[in-house]
Amino acid sequence: MSIEIANESGVAVDTDAVLAVARHALDEMGVNPLAELSVLLVDVDYMTELNHRWMGGDGPTDVLAFPMDEGSIDHGPGENAAVGGEPALLGDIVLCPEVAAKQAATAGHSAADELHLLTVHGVLHLLGYDHAEPEEEREMFGLQARLLSSWRSTRSR
């Protein structure tokens, strides 16, 4: 699994842990081990610009996911590998540590925990999950909680 990470946020972040939780989520979801993912951590100004340009939102958001062409995604062992064995390009996850820190304070957990949650959330969006409808939200958030729980249990061993 190729996961590239770039921290351009100006905030100190344990990028190894962000990579580890992304890898865990992709492994647990049965994504092709040749898949490629990019994670970018940005400042509030850049996240505000991205949110406005791509989502029509005002102000910064916590996470954005930009999936590549869905036809190239290998969703798991039930599907054939990418044509010619080429790696599937899953897409990009953009995180804003400053927004995550504010949300973490409100939720009563650490900024690191919030970034891990947002990373898994972004991975699930890249894999086609959404939370626009109540049933979709229950499925996606339940899966997100299960993936985070299993990741945390592997780290505590």
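**Entry 1: the model.** I am working with a predicted model.

**Entry 2: secondary structure.** I looked up the elements of the chain. I found five helices and four strands. I then read them in sequence order and wrote down β-α-β-α-β-β-α-α-α.

**Entry 3: burial and surface.** I checked how much of the chain is buried. The chain has 157 residues, and 38% of them count as buried.

**Entry 4: contact range.** I took the contacts between residues at least 6 apart in sequence. Of these, 68% join residues at least 24 apart.

**Entry 5: α1 against α5.** At what angle do α1 and α5 pack? I get about 120 degrees, with the axes 10 Å apart. Helix α1 covers residues 15–28, and helix α5 covers residues 134–155. Angles of 65 to 115 degrees count as roughly perpendicular and those over 145 as roughly antiparallel, so I log the pair as oblique. I noted the hand of the crossing too: right-handed.

**Entry 6: who touches whom.** I listed the residues on each side. From α1 come Ala-17, Ala-20, Val-21, His-24, Ala-25 and Glu-28. They meet Arg-146, Leu-147, Leu-148, Ser-150, Trp-151, Thr-154 and Arg-155 of α5. I sorted the residues of this contact by class: seven are nonpolar, three polar and three charged.

Terms used. Residues are numbered from 1 along each chain as its sequence is written. This is a predicted model: local features need pLDDT of at least 70, side-chain atom pairs count only at pLDDT 80 or more; totals for chains, interfaces and linings use all residues. Side-chain values use heavy atoms; hydrogens and water are left out. Helices (H or I, at least four residues) and strands (E, at least two) are DSSP runs, numbered from the N terminus. Buried means under 20% relative accessible area, exposed over 50%, partly exposed in between (1.4 Å probe, protein chains only). Contact means heavy atoms within 4.5 Å. Axes are lines fitted to C-alpha atoms, for helices over the stretch in contact, and angles run from 0 to 180 degrees between N-to-C directions. Angles under 35 degrees count as roughly parallel, over 145 as roughly antiparallel, 65 to 115 as roughly perpendicular and the rest as oblique. A crossing is left-handed if the near helix is turned anticlockwise from the far one by less than a right angle, and right-handed if clockwise. Ala, Val, Leu, Ile, Met, Phe, Trp, Tyr, Cys and Pro count as nonpolar, Asp, Glu, Lys and Arg as charged, and the others, Gly among them, as polar.
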